[in-house]
Number of protein chains: 2
Amino acid sequence: MVPHLLPALMGPVSELEQRFLDSMPAIERWFRLEWMEHTPLVYSSVTLRNSGFKLAPVSTNLYPSEWSQLAPEMSPLAVQAAMTAIQKICPEAKNLLIIVANKIADSNYLDSLSQLQQLFQRAGLHVRIGSIDGQLKEKNNLTVSSGESLLIEPVIREKGRIGLKDFDPCTILLNNNLIAGIPGILEDLHQQYLLPPLHGASNFRRKSNYSNCYEMVTKRMGKVLAVDPWLFTPMHETCGKLFMQEPNDMLYLKEKVNALLAKIKRKYKEYGIKEKPFVVVKADNSSACSSMAIVRDANDLQTFYFGFKEAELSGADIHPAVEILVQEGILTKEQISDSVAEPVVYMMDRYVVGGFYRIHPSMGIDDDLKAPGSSYIPISSEKESEMAQKEVEFGARRPNRFYMYGVVARLAMLASSYELEATDPDAEEYY
Amino acid sequence: MVPHLLPALMGPVSELEQRFLDSMPAIERWFRLEWMEHTPLVYSSVTLRNSGFKLAPVSTNLYPSEWSQLAPEMSPLAVQAAMTAIQKICPEAKNLLIIVANKIADSNYLDSLSQLQQLFQRAGLHVRIGSIDGQLKEKNNLTVSSGESLLIEPVIREKGRIGLKDFDPCTILLNNNLIAGIPGILEDLHQQYLLPPLHGASNFRRKSNYSNCYEMVTKRMGKVLAVDPWLFTPMHETCGKLFMQEPNDMLYLKEKVNALLAKIKRKYKEYGIKEKPFVVVKADNSSACSSMAIVRDANDLQTFYFGFKEAELSGADIHPAVEILVQEGILTKEQISDSVAEPVVYMMDRYVVGGFYRIHPSMGIDDDLKAPGSSYIPISSEKESEMAQKEVEFGARRPNRFYMYGVVARLAMLASSYELEATDPDAEEYY
């Protein structure tokens with residue numbers, strides 16, 4: 001499949017994008033100073049939406065699991081970034097243990113794991129893969145798409161350390177969002193580096209904490225760029241715990257939805273945007289409930305209520321009261337071969353190391369594309385450099401069309417880093 | 001021109017190369033620990049020679065000037081490494097000044113400068129280019145091969161700082177080896193970062209200091225690999241100051257040459273190598289005299305003497321007494337399209353960021369290829385990844401054929417870093 005280049009990126013540079021490109025030295029300096037005060041995530045991926053008038057992150061993943069979708073020619077970048085990360089975390093490291101998610105039946109996930117293992121091996125570590133799934137009693141030798149084998153071994157705990165049989169790691173990389181809670185085997189590991197930290201696990205995180213941090217970060221970036229930070233920030237409203245069966249709580253939610261829709265309408269009017277605004281209603285804690293509703297009118301909320309109810313009836317572990325977050329919806333205007341596409345940016349430490357477009361042939365411009373049937377087109381610096389070559393022939397210095405994506409993704413990652421600092425249960429407070 | 005792949009790299013993995021590949025985690029850990037104690041050069045290039053049985057650096061350049069020869073698809077690696085370097089040296093940096101060599105009539109050099117400027121711009125700095133050539137009184141707007149323009153401005157000094165008109169840099173990158181000595185304008189710049197430091201300039205450096213440091217470094221790497229460090233270390237003999245016109249000094253030099261030839265012969269015998277050994281006789285201080293002689297027999301030395309004498313007669317500024325270094329010669333067995341090729345590795349901070357083969361159609365396997373008429377073939381990770389793809393189809397994990405080159409180049413760079421520490425006139429000594 002020949003990737004058709006994307007309208008959003010092949011079209012003229014928007015005013016917003018031009019602002020990012022022109023402000024590059026100021027942006028990079030700002031990030032450098034941030035990284036003196038804050039610790040970047042060891043790795044992360046950020047899904048973005050580009051609506052043409054606005055570019056914003058729609059999800060920040062602390063356990064990225066699509067490493068095999070990156071263009072192979074980008075992997076030296078990831079290896080170099082991994083080297084930097086190791087140098088910082090534990091220069092004397094010999095062994096790295098990757099703890100997998102409990103979805104090793106998914107062949108895409110195995111390909112991702114194999115790629116992740118190779119990246120850290122090429123960065124100079126012995127890398128082995130362990131599972132904390134109690135079902136796995138013996139080592140499991142699997143085969144990935146490339147034909148290479150992938151060994152997954154049961155994690156064992158001894159004397160306050162975890163490892164594998166004959167393998168004692170100094171650093172442990174979690175590739176498991178621990179959605180079911182923190183298992184005992186990972187608690188109180190004071191002798192080893194566990195990354196990301198346990199309080200980054202799904203059931204600790206609140207989208208509202210993250211969104212508040214993101215707002216704080218983009219407010220400052222807005223000043224650096226001298227533009228309205230709304231152009232890269234989704235607005236949100238937190239509702240606290242609601243009982244969806246309670247008419248009063250439902251009324252309260254409708255008010256919040258209407259309030260946010262009104263705020264978006266005002267912004268659309270300010271910028272002359274003709275689209276119909278929408279919001280996304282979801283649980284603040286994604287491990288409590290994964291359903292979400294796209295709402296253009298408060299009356300649509302009935303559907304959302306049923307969404308929860310069905311989940312409940314099907315036996316899913318849902319609390320009757322759910323913390324609710326209402327978020328500004330961001331359309332995606334990018335398309336590849338008539339399919340809706342959303343860019344995903346991969347980072348290792350503070351560096352953008354690659355990305356891809358997630359595309360879905362049967363999804364609409366406001367749908368969640370991380371769904372069965374989605375496919376991927378890697379973003380490659382090679383194609384970039386071909387484009388560069390072409391334009392350099394005309395004597396013009398070509399802008400990096402992915403630069404704005406990389407900046408917004410790093411803002412999202414920085415917000416998560418603030419979020420983890422703010423929610424760290426072991427944080428020492430200095431007054 | 002389609003690059004024919006190189007016999008040395010397309011052939012079977014040698015025992016030595018296999019040892020490097022197998023020891024990767026130990027090698028990388030060793031480097032990580034070194035970089036905790038020592039400061040990598042801000043940038044550097046190392047020319048290597050691969051004789052099939054031996055791989056060794058033949059020159060380490062602290063002012064690399066062939067940046068435009070790197071494959072364009074490798075430039076994100078250099079940008080990322082530059083970001084790491086800036087983060088470490090001066091995170092609050094806004095402005096970087098590159099000081100050029102006084103050879104701005106050389107179009108290859110201008111292309112290199114333009115590329116270097118772009119790399120640091122993409123890393124997030126305002127980058128301008130200055131000249132300390134007293135001849136340049138006005139700014140000079142030049143055009144490079146790509147058609148882009150390149151502005152070179154006269155460097156000015158004010159209140160203990162240097163800069164350009166309306167441009168005050170916090171960091172200054174020297175791309176000028178200051179072969180004629182340190183100009184006053186660069187002395188005592190205590191408020192700005194000057195990289196590499198002034199005592200890295202050509203007329204301060206002694207090849208013997210560097211060679212001693214390289215021997216020290218490779219001795220330790222030999223232990224990591226459990227191989228004889230001679231397999232990646234050229235032997236050398238220092239002779240001190242010699243008057244070439246003095247028969248006694250000439251005799252002394254002949255003795256040194258014969259002694260080193262005998263040592264090489266013993267090594268060749270030990271490893272069953274059938275080649276005829278040779279040594280290279282050159283000035284220890286390359287700024288004193290750039291001639292060198294390839295000597296297979298002490299009788300060839302007469303030629304060398306004349307080499308010096310001619311230089312002297314032609315009016316070059318040569319001291320009658322020259323510090324002499326005798327170095328083991330390394331053949332190059334790598335060929336591209338029937339031309340002799342030598343790999344050149346480019347580094348930024350502690351990272352390998354690319355490289356190329358320098359080839360020369362009319363040079364022999366023991367000649368210096370950095371001569372007029374040489375051409376370049378970039379080493380690209382893209383081709384690497386194509387090779388990878390091909391072999392992965394067979395289910396085999398492909399070794400990185402450039403890994404050994406990257407390690408030896410980093411050893412050479414580390415040796416220079418030791419050398420600069422040892423020769424630092426401002427070093428504080430703690431006892």
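A: Let me begin with a term: a charge sits over a ring if NZ of Lys or CZ of Arg is within 6 Å of the ring centre and within 35 degrees of the ring normal. By that rule, the charged end of Arg296(A) sits over the ring of Phe278(A), 5.0 Å from its centre, and the charged end of Arg410(B) sits over the ring of Phe31(B), 4.6 Å from its centre.

Q: And what should I know about the model and its labels?

A: This is a predicted model, in which local features need pLDDT of at least 70 and side-chain atom pairs count only at pLDDT 80 or more, while totals for chains, interfaces and linings use all residues. Residues are numbered from 1 along each chain as its sequence is written, chains are lettered from A and ligands numbered from 1 in the order in which they are written, and side-chain values use heavy atoms, with hydrogens and water left out.

Q: How many helices and strands does chain A have?

A: Chain A has 10 helices and 18 strands, where helices (H or I, at least four residues) and strands (E, at least two) are DSSP runs numbered from the N terminus. Of its 431 residues, 57% count as buried, a word that stands for under 20% relative accessible area, with exposed meaning over 50% and partly exposed in between (1.4 Å probe, protein chains only).

Q: Back to Phe31(B), what does its ring pair with?

A: Rings of Phe, Tyr and Trp (its six-membered ring) pair if their centres lie within 6.5 Å, and planes under 30 degrees apart count as stacked, over 60 as edge-to-face and the rest as tilted. The structure holds 26 aromatic pairs over all chains. One of them is edge-to-face, between Phe20(A) and Phe232(A), at 5.5 Å centre to centre with 70° between the planes. Phe31(B) and Trp35(B) form a stacked pair, 6.2 Å centre to centre and with 15° between the planes; both lie in helix 3 (residues 24-37) of chain B, 4 residues apart, about one turn of the helix.

Q: Are those two buried or exposed?

A: Phe31(B) and Trp35(B) are both buried.

Q: Which residues touch the most others in the largest nonpolar core?

A: Among the 86 residues of that core, Phe120(A), Met348(A), Phe120(B) and Met348(B) touch the most other members. A nonpolar core is a set of buried Ala, Val, Leu, Ile, Met, Phe, Trp, Tyr and Cys residues joined through side-chain atoms within 4.5 Å. Another core, of 84 residues, lies apart from it and includes Leu178(B) and Tyr418(B).

Q: New topic: how does chain B relate to chain A?

A: A rotation of 180° with 0.0 Å of shift along its axis superposes chain B on chain A, with an RMSD of 0.0 Å, and that is the relation of a two-fold axis. Copies are superposed by least squares on the C-alpha atoms of residues with pLDDT of at least 70 in both. In chain B, the C-alpha nearest the axis belongs to Leu77(B), 2.8 Å from it.

Q: Where is there a cis peptide bond in chain A?

A: A cis peptide bond joins Leu195(A) and Pro196(A), with omega about -10°, and Pro196(A) is in the loop between strand 10 (193-195) and helix 6 of chain A. In chain B, the peptide bond from Leu195(B) to Pro196(B) is also cis, with omega near -15°.

Q: What about the phi of Ala226(A)?

A: Phi of Ala226(A) is near 55°, a positive value in a residue other than glycine, and Ala226(A) is exposed, with a relative accessible area of 58%.
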